[in-house]
Amino acid sequence: NESVVLAVEDDGPGIPEEERERVFERFYRVLGTGEQGSGLGLPIVREIARSHRAAVAIETPSSGVGTLLTVTFNRLV
């Protein structure tokens, strides 16, 4: 099964493991990061990914700093 992976990595404060599912809730913000935003970006990403039968995952990059977000699209036959 072939797939295509879109990966976005940053070097910001990261998202703690215990918060990684909650950040997909509309308007949810991780407290104490000092980052601005509405809390809608990741819920929109997940909804678009789902509409394309793709999976979204959040991890810590190999550097140990920041966030690695991947969207995996399975090949449609």
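First, the ground rules. The model is predicted, so local features need pLDDT of at least 70 and side-chain atom pairs count only at pLDDT 80 or more, while totals for chains, interfaces and linings use all residues. Residues are numbered from 1 along each chain as its sequence is written, and side-chain values use heavy atoms, with hydrogens and water left out.

Let me start with the fold. The protein chain has one helix and three strands, and along the sequence they come in the pattern β-α-β-β. Helices here are DSSP runs of H or I with at least four residues, strands are runs of E with at least two, and both are numbered from the N terminus. Along the principal axes, the C-alpha atoms fill a box of roughly 45 × 30 × 20 Å. The chain has 77 residues, and 29% of them count as buried. By buried I mean under 20% relative accessible area; exposed is over 50%, and partly exposed is in between, with a 1.4 Å probe and protein chains only.

Next, the pocket. Rolling a probe the size of a water molecule over the atoms shows where empty space is left. The search runs on a 1 Å grid over the protein atoms alone: a pocket is an open set of points where a 1.4 Å probe fits, with protein on both sides within 12 Å along at least five of seven lines, whereas a cavity is a set from which the probe cannot get out. Grid points are joined across faces, edges and corners, and the volume is the space filled by probe spheres set on the points.

The largest pocket holds about 530 Å³ of space. Its lining has 24 residues, and those closest to the centre are Asp-10, Ile-15, Val-23, Arg-29 and Leu-42. A lining residue has an atom within 4 Å of a point. The most comes from E1, with four residues. By type, the lining divides into twelve nonpolar, eight polar and four charged residues. For that count, Ala, Val, Leu, Ile, Met, Phe, Trp, Tyr, Cys and Pro are nonpolar, Asp, Glu, Lys and Arg are charged, and the others, Gly among them, are polar.

Which residues form the nonpolar patch? They are Val-4, Leu-6, Val-8 and Phe-73, with about 350 Å² of accessible area together. Three residues of the patch come from E1, the largest share. Patches are made of residues with over 30% relative accessible area and no salt bridge; nonpolar side chains (Val, Leu, Ile, Met, Phe, Trp, Tyr) are joined within 5 Å, and like charges within 9 Å. The areas come from the Shrake-Rupley method with a 1.4 Å probe, and for residues only the protein chains shown count as cover. Take Val-8, which lies in strand E1. Val-8 counts as partly exposed because its relative accessibility is 48%. From Val-8 to Gln-36 is 28 residues in sequence and 19 Å in space, C-alpha to C-alpha.

Now the salt bridges, of which the structure holds three. The criterion is a side-chain nitrogen of Lys or Arg within 4 Å of a carboxyl oxygen of Asp or Glu.

One joins Arg-75 and Glu-2, with the closest N and O atoms 3.7 Å apart. This pair links distant parts of the chain, 73 residues apart: Arg-75 is in the segment after E3 and Glu-2 in the segment before E1. Both Arg-75 and Glu-2 are exposed.

Another joins Arg-46 and Glu-21, at 2.8 Å from N to O. Arg-46 lies in helix H1 and Glu-21 in the loop between E1 and H1, so the pair ties together parts that are 25 residues apart in sequence.

Glu-25 is partly exposed at 37%, and Arg-22 is partly exposed at 39%.

Last, two backbone angles. Phe-27 is a residue other than glycine with a positive phi, near 70 degrees. Phe-27 sits in the loop between E1 and H1 and is exposed, with 57% relative accessibility. Arg-53, also not glycine, has a positive phi near 60 degrees. Arg-53 is in the loop between H1 and strand E2 (54-59), and its relative accessible area of 64% makes it exposed.
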